[in-house]
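Please open the structure in a viewer and keep the sequence at hand.

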There are 2 protein chains.
Amino acid sequence: MDVSTAVAAPPARSTRVKDKIMATAERLYAEHGFANVSIRMIREAAGQRNKSAVQYHFSTRDELIQAILSRHAAAIDLHRLPMVAALEASGEVTLRDWITCAIAPSIEHHIELGTPSWYGRFLAQAVVEPTFREYAAQATLSTPSFRRLELLRPPSMRDRALELSERQAAMIRLLVVHMSAELEADLAAGRAAASPEQAWRSLGDNLITAVCGLSSALLP
Amino acid sequence: MDVSTAVAAPPARSTRVKDKIMATAERLYAEHGFANVSIRMIREAAGQRNKSAVQYHFSTRDELIQAILSRHAAAIDLHRLPMVAALEASGEVTLRDWITCAIAPSIEHHIELGTPSWYGRFLAQAVVEPTFREYAAQATLSTPSFRRLELLRPPSMRDRALELSERQAAMIRLLVVHMSAELEADLAAGRAAASPEQAWRSLGDNLITAVCGLSSALLP
């Protein structure tokens, strides 16, 4: 098999099964909560007869949840990379530029996922679990685009007392994660007035404005 | 039995059992999540041998959860009443006055509860459940002190587009609820640097400052 064939070939059955397990787990966790979904329920809902299908791909439940978090972080990273490159080229970075580059890529990812989606509610559960709170934060902070964005922090966000910086970061994370989960739930239930894309962009604009205000007040 | 004896008497056994059930349910729900705690687990952990002890006081699980939410809202109301009376007497109410009167009473309630407490994590779960999200908001908004506070809204918070006002209210609620739940968890696990009272007051100050900034930006 030459390389071009390999690239063009459909994903191997093993990859398709892995994707199916991750998508099913995300939906079940989002709908029923981490604690109410067993590995067996995921396997059955994913249509896998082999009793160790999930364990074959993910040795533990935590590894499965972490893999879902990392996959979304990687997809968001792809949206942020061109934005951060534009900021690097622009010379001067304002507070609003920086915050837009932090928040907008996740809004674009939600638009791309379509409706209904489950990532928003899945993530909202991950950040309220002490076990995954830190992992979820690191999954974002360790992406190449976010590491480059860190180097572009505007003066008002640099050299601050660690406690206040951490509190501000926690507030931003909570706002983005939980407001997104609420909108996702509203869209899935047909409760939103606007089209999904308009609704996401409106939330994105409001979040960027609110986070700029919050940050200026907290780190004057 | 004359009235003074009746007043001085300890609460009836029935009231003590009801309190015990509510406190136990709150702790178990906070620790394990709504979906993982059965009425039977609550009854057993509360030391009740009578199999219908919980049903006798609360006909359904939802009624029990709503009773816990209402009890805390009533306790917070007692902290807010003197603050709102002072605002009513002062004549002019600034944005910061208004937001302080909205947020500080819940911080005082957390200090009063002591450490460890479970209300913060219990509430964080309630607001992410569609069933209780609205009830939890109404439990606060319908208290006498909050109804009086509504009448004192400063100009920048009046006559705004409904969608933006609702989004601002949702952001404030999310910040207060989830930041409080995180601090409560940190205190319970011995992870906070300051004394509980100092840690709560510092969070309260930061929340008031952040919410003022967020509100000024969103409703300029």
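Contact here means heavy atoms within 4.5 Å. The model is predicted, so that local features need pLDDT of at least 70 and side-chain atom pairs count only at pLDDT 80 or more, whereas totals for chains, interfaces and linings use all residues. Residues are numbered from 1 along each chain as its sequence is written, chains are lettered from A and ligands numbered from 1 in the order in which they are written, and side-chain values use heavy atoms, with hydrogens and water left out.

**First stop: the two domains of chain A**

Select residues 1-59 of chain A for domain 1, then 67-218 for domain 2; such bounds come from an automatic or database domain assignment. The centres of these two domains, taken over C-alpha atoms, are 27 Å apart. Where they touch, 11 residues of domain 1 of chain A are in contact with 12 residues of domain 2 of chain A.

Next, select A:Met22, A:Glu26 and A:Phe34, which supply 58% of the area that domain 1 of chain A buries against domain 2 of chain A, more than any other three residues. Buried area is the accessible area (1.4 Å probe) that two parts lose on being put together, summed over both. Between the two domains of chain A this area is about 1,100 Å², and carbon and sulfur atoms give 68% of it.

Now display the side chains of A:Asp19 and A:Arg71, which form a salt bridge with an N to O distance of 2.9 Å. The term denotes a side-chain nitrogen of Lys or Arg within 4 Å of a carboxyl oxygen of Asp or Glu. The count of salt bridges between domain 1 and domain 2 of chain A is one.

**Second stop: chain A against chain B**

How many residues does each chain bring to the contact? Chain A gives 28 residues and chain B gives 27 residues. About 2,400 Å² is buried between the two chains, with 62% from carbon and sulfur atoms. Select A:Arg167, A:Leu174 and A:Glu182: they supply 22% of the area that chain A buries against chain B, more than any other three residues.

Four salt bridges are counted between chain A and chain B.

Finally, colour helix 7 (119-128), helix 10 (162-188) and helix 11 (196-218) of chain A, the elements that give two or more residues to the side touching chain B. Helices (H or I, at least four residues) are DSSP runs, numbered from the N terminus. Helix 10 of chain A contributes the largest share of that side, 13 residues.
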